[in-house]
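Hi,

Here is the structure I promised to pass on.

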Amino acid sequence: MATHCERSDHGPVTFYEIERAVPGARPMRVGVYVVDGTLIDTGPRHARECVAGIIEEHDIDQVVLTHHHEDHIGNAAFVADRLGVIPLMHHSGQAATAAPKALPTYRKVIWGQPAGLETSTLDDEVSTRRFSFRVVHTPGHAHDHVVLHEPDQNWVFSGDLYLTDRVSRAFEYEDIGVMIQSMRTVLAIPDCELFCQHTGRHMSHQHQIGKKLDRMLGLRNRAIVHLEEGRSIREITRALGIADRAHKIVSRGEWSAEHLVRGLLRDAGRLD
Ligand SMILES: [Zn+2]
């Protein structure tokens, strides 16, 4: 599987989009940011060459991890070793990052198994040479997920909180209700440029995350109606137009529309 890496510059923020070709499916994308000597996330293990190039090209003195998933920490041990820095992350992700669990096969093939590493605890604020970020704990997608907000520059680095506003599936490990709470927390921040870890820069974080929240609440309301009519979870995914066998099969049920529907109904207090 080929890996492609492309750079785009947005003032002091540089985004590297890493694309993994997936046979028979759309390519998977994830990225890393460099801002003012700080590397935000380190990409997946299978993008090692690309990330080695990035740390050659920039004078990096700090590494911040938005959460412990393999497409974000995959080169953290390598970068830490090369640069002699200890990456920072939310305290609740440090144990999972020190000893990452063996990944399911499809994630191992797409992103690669990360090596464990030592990290330091990210405080409520993290400074680069010129900028100062507020660290906002935003669990749901992952228990240790954080968003970085720079109030003077009006930047929100959203990790995996946004990803898309056309949400149609969820991972089994995601807590959808907690994610919705985190989205509301971030929507309360005055409008900022959004730097998504997978889709790059967007003009307005309130617009993008607001659209995603509307979509999720819309699906939730429709799911409630279908549930009250006695439909099963699988029937509800079909009625909502989000049924999707391919991802469910490839992920062996870890990533599916059913998980999204269940999570939304749980958030509405309609399922245990
Ligand atoms: Zn993630």
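Helix α5 (105-110) gives the largest share of the lining of the largest pocket, namely four residues. Helices here are DSSP runs of H or I with at least four residues, strands are runs of E with at least two, and both are numbered from the N terminus. A pocket is found on a 1 Å grid over the protein atoms alone: it is an open set of points where a 1.4 Å probe fits, with protein on both sides within 12 Å along at least five of seven lines, and its lining residues have an atom within 4 Å of a point.

Before you go on, keep in mind that this is a predicted model, where local features need pLDDT of at least 70, side-chain atom pairs count only at pLDDT 80 or more, and totals for chains, interfaces and linings use all residues. Residues are numbered from 1 along each chain as its sequence is written, and side-chain values use heavy atoms, with hydrogens and water left out.

Back to that pocket. Its volume is about 1,300 Å³, where a volume is the space filled by probe spheres set on the grid points, joined across faces, edges and corners. In total 43 residues line the largest pocket, and Pro27, Met28, Arg169, His247 and Trp255 lie nearest its centre. Elements giving two or more residues to this lining include β3 (28-35), α6 (176-187) and α7 (205-228). By class, the lining has 23 nonpolar, nine polar and 11 charged residues. (Nonpolar covers Ala, Val, Leu, Ile, Met, Phe, Trp, Tyr, Cys and Pro; charged covers Asp, Glu, Lys and Arg; the others, Gly among them, are polar.)

The second largest pocket has a volume of about 390 Å³. Of its 19 lining residues, His68, His69, Lys101, Leu103 and Arg107 are the closest to the centre.

His69 turns up again at the metal. Which residues hold the zinc ion as protein donors? They are His67 (NE2), His69 (ND1), His141 (NE2) and Asp160 (OD), at 2.1 to 2.3 Å from the ion. Donors are N, O and S atoms within 2.8 Å of the metal (3.2 Å for Na, K and Ca), and because water is not among the atoms, sites may look incomplete. The angles among the four donor atoms run from 89 to 179 degrees, and the site is irregular.

Now find Leu39, in strand β4 (residues 38-40). Leu39 counts as buried because its relative accessibility is 1%. Leaving out residues up to four places away in sequence, Leu39 touches several others, among them Val32, Ile54, Val64 and Val79; contact means heavy atoms within 4.5 Å. Val79 belongs to helix α3 (residues 76-83), where Ala76, Phe78 and Ala80 are buried too.

Last, Arg252 has a positive phi of about 50 degrees although it is not a glycine. Arg252 is exposed, at 79% relative accessible area.

Cheers

Key
Tetrahedral: all angles 85-135°; square planar, octahedral: opposite > 155°, others 65-115°. Buried < 20%, exposed > 50% of the residue type's maximum accessible area, 1.4 Å probe, protein only.
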